[in-house]
Amino acid sequence: MTCQCEIKNPYLPYQMEILEVIEENPEQDLKTFTLGFLNEDDNETFFYTPGQFAEISVFGTGEAPFGIASSPTEKGIVRFSVKKVGRVTTALHMLEKGDIVGLRGPLGNSWPLEKFAGKNLVIIGGGFAFTTLRSLVRYILDEENRKNYGNLTVVYGARNPGQLLYKEELQDWSARADIDIHLTIDRPVEGWWGKVGFVPAVTEQVVTSSENAVAVVCGPPVMIKFTLPVLKKIGFTSENIFTSLEMKMKCGIGMCGRCNIGNKFVCKDGPVFSMAELEKLPAEY
Ligand SMILES: Cc1cc2nc3c(=O)[nH]c(=O)nc-3n(C[C@H](O)[C@H](O)[C@H](O)COP(=O)(O)OP(=O)(O)OC[C@H]3O[C@@H](n4cnc5c(N)ncnc54)[C@H](O)[C@@H]3O)c2cc1C
Ligand code: FES
């Protein structure tokens, strides 16, 4: 008897058309790509949760993992923000609207939305690591979802205003009553209307309670290193602090062993971990 079950090959990418490319910073090394499915059936069956990632392939060059920056509430598109650092990302940056790329995914676990339900959320981001945090904020702000979560506080920092991702959207969020957002830059710049100071210091100023709250932190390692003690001081436990790791990866599906820390595969068991989980692993991340 022939099995009627469909086994999707995890190595086979979806074909995606680049619908829009947004230059995010004056240096032009940070771009957001909005992708649409070439095959409408794929659009119907592609489901993801904030915090997941995907492998994007530039045909003839290679593939690389990126956090999904769009929210599943934004129908019909998948969005990624990519910093140009090497081979694949440089090739991706050379592509334009109408070009085709591959997408394998969604991969990995996600922000634990079931644990976040009913809680106050403190979301802390630095630099271009705001991608899956944008997905999470956008998801929570959706009309259908907002009632399932308590207060939403966002602290987002960058070296200077030009390095902040999603500038227009940040302005829109700042005008809303259902999100308390604090944008900060490292040093004063003329015309800047937000805060000045490093993310850990701003977190200490604006986050006053850990009661019924969880914290989500993503950013450069130095930012995370100095933010964690601040969160602990406010009263957050390791079980209530979550982050996402960016280990080097190849397969993205737990097969090649490139991304393991101890007995965990970051691509499959992560990339999202609570600090309590990370404290049990060898400090290789
Ligand atoms: C789960 C996950 C999510 C990610 N999300 C994003 C995202 O949203 N946006 C984004 O711009 N990048 C993201 N990254 C990082 C991205 O995958 C790398 O920048 C990319 O693989 C580099 O590919 P490349 O071929 O251009 O660079 P390469 O030519 O392979 O390398 C260029 C340089 O970058 C270094 N490098 C490569 N990969 C990594 C890595 N994972 N961590 C640290 N250094 C690395 C290399 O050592 C080398 O110095 C993510 C990584 C992971 C694992
Ligand atoms: S990237 Fe291959 S096992 Fe994680």
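Me: How many disulfides does the structure hold?
Reply: In this predicted model, a disulfide requires two cysteine sulfur atoms within 2.5 Å. C218 is in no disulfide, and the nearest cysteine sulfur, that of C259, is 16 Å away. The number of disulfides in the structure is zero.

Me: Is C218 buried or exposed?
Reply: A residue is buried under 20% relative accessible area and exposed over 50%. The relative accessible area of C218 is 5%, so this residue is buried.
The value for C251 is 9%, so C251 is likewise buried.

Me: Which backbone atom lies 2.8 Å from a polar atom of the side chain of Q52?
Reply: Q52 is in the loop between α1 (40-45) and β3 (53-58), and is buried with a relative accessible area of 10%. Its side chain has a polar atom 3.0 Å from the backbone nitrogen of T49. Residues that Q52 touches include F47, I68, P106, L107, G108 and T132. The atom at 2.8 Å is the backbone oxygen of G108.

Me: Why do the buried residues of α6 lie on the same side of the helix, and what arc do they cover?
Reply: In helix α6 (residues 199-206), the buried residues are V199, P200, V202, T203 and V206. They lie on the same side of α6 because the arc they cover around the axis is only 165°.

Me: What covers the buried residues of α6?
Reply: The residues concerned are V199, P200, V202, T203 and V206. Their cover includes strands β7 (120-126), β8 (152-158), β9 (180-185) and β10 (195-196), together with helix α7 (221-234).

Note on methods:
Residues numbered from 1 in each chain as written. Chains lettered and ligands numbered in written order. Predicted model: local features only at pLDDT ≥ 70, side-chain atom pairs only at ≥ 80, totals over all residues. Heavy atoms only, no water. Buried < 20%, exposed > 50% of the residue type's maximum accessible area, 1.4 Å probe, protein only. Helix = DSSP H or I, 4+ residues; strand = E, 2+ residues; numbered from the N terminus. Arc of directions from axis to C-beta. Contact = heavy atoms within 4.5 Å. Polar contact = N/O pair within 3.5 Å; in protein donor to acceptor, adjacent residues only side chain to side chain. Lists of a residue's contacts leave out its neighbours within four places in sequence.
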